[in-house]
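This briefing covers the ligand, the residues around it and the pockets of the model. Please look at the sequence and structure first.

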Amino acid sequence: MGMVEGKIALVTGAGAGIGRATALKFAQEGAKVMVSDVDTKGGEETVEMILNDGGEAAFMKADVSSAGEVAALVDKVVQTFGRLDCACNNAGIEGKVIPMADQPEANYDAVMGVNAKGTFLCLQAEIKQMQKNGGGAIVNLASVAGLIGFPGLSPYVASKHAVNGMTKNAALEYGKEGIRVNSICPGGIDTRMLDSLAEQASGGAQSTQEMMDPLHPIGRIGRPEEVAELIVWLCSPRASFITGANVPIDGGYVAQ
Ligand code: NAD
């Protein structure tokens, strides 16, 4: 029996990277999965991978920074699968690596719009649905950048600190209604986003691995599948007494 057997799960930003690995893991552990992304091709590929693996999944395009699209997405989950038990608010963007005083206002708005406001809007819609179900579990994607600062990444750091804060608030407000809300704080994970950050920070002088591996006490960056494992476990009944936590999964990064 899977960790989330018979549950209904929603994953945003599931067309690539950590979100795709999480959607696949939810399905492997017995959940029916609504895959969502702004990237239709990537999202449909994720669904295809789940179906080929013998799982059940559907795709809906939605931009998490739009309240209307997020509400329609949660409605679609209920129309398709009947309810909502687990949600992973994963969609995110890294933005531009520039010292704070020179950050364009548009970059701050874009990064906060997707990462902070997007997570807030998803929490609102998911919680309202989970109240109707009598409970549920939510995992938000923060980052080690939600726990400590990173030079050049002030909008991203602000957005991920916001995610960690709103995670605690949601846990406090809805714990007695059976809704658990946690966030996770990954270190460097091998995805397009980390390649973009390494490229911007080193100007292309170093590969992602050359630059990022030595920064982690464990000696390497992480894999999306390692993060998916934690997300699905936190959404499962095995994590029944964990709520309001900001859990690092970072090869020891913030222990330094
Ligand atoms: P990624 O760029 O590989 O995937 C992100 C996905 O989100 C893409 O498919 C993209 O199309 C989608 N997306 C972007 N904007 C969206 C929007 N407005 N609405 C819906 N979908 C949208 O990145 P990833 O590395 O897999 O990152 C996933 C999450 O993990 C992000 O929140 C990121 O900040 C966080 N994170 C990543 C790392 C890392 O090292 N890769 C570390 C810590 C935290």
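The ligand is surrounded by 29 residues, and the closest are Asp37, Asn90, Tyr156, Ile189 and Thr191; a residue counts as near a molecule if one of its heavy atoms lies within 4 Å of it. The model is a predicted one, in which local features need pLDDT of at least 70 and side-chain atom pairs pLDDT 80 or more, while totals for chains, interfaces and linings use all residues. Residues are numbered from 1 along each chain as its sequence is written, and side-chain values use heavy atoms, with hydrogens and water left out.

**Ligand shell**
- The shell around the ligand divides into 15 nonpolar, 9 polar and 5 charged residues (Ala, Val, Leu, Ile, Met, Phe, Trp, Tyr, Cys and Pro count as nonpolar, Asp, Glu, Lys and Arg as charged, and the others, Gly among them, as polar).
- α1, α5 and α6 each supply at least two residues of this shell, and α6 gives the most, with 3 residues (helices are DSSP runs of H or I with at least four residues, strands are runs of E with at least two, and both are numbered from the N terminus).

- An oxygen atom of the ligand lies 2.6 Å from a side-chain N or O atom of Asp37 (a polar contact is a pair of N or O atoms within 3.5 Å).
- Polar backbone atoms take part as well: one of Ile189 is 2.8 Å from a ligand oxygen atom, and one of Val64 is 3.1 Å from a ligand nitrogen atom.
- On its own the ligand has 830 Å² of accessible area, of which the protein covers 93% (Shrake-Rupley method, 1.4 Å probe).

**Largest pocket**
- The ligand takes the space of the largest pocket (more than half of its atoms lie within 2 Å of the pocket's grid points).
- The volume of the largest pocket is about 980 Å³ (the space filled by probe spheres set on grid points joined across faces, edges and corners).
- A pocket is an open set of points on a 1 Å grid where a 1.4 Å probe fits, with protein on both sides within 12 Å along at least five of seven lines, and lining residues have an atom within 4 Å of a point.
- Its lining has 45 residues, with Tyr156, Thr191, Met193, Leu194 and Leu197 nearest the centre.
- α6 contributes the largest share of that lining, 5 residues.

**Second largest pocket**
- The second largest pocket has a volume of about 210 Å³.
- Its lining residues include Phe120, Gln124, Lys128, Met166 and Glu173.
- α4 gives the most to this lining, with 6 residues.

Note on methods: A polar contact is a pair of N or O atoms within 3.5 Å; within protein, one must be able to donate a hydrogen and the other to accept it, and residues adjacent in sequence count only if both atoms are side-chain atoms.
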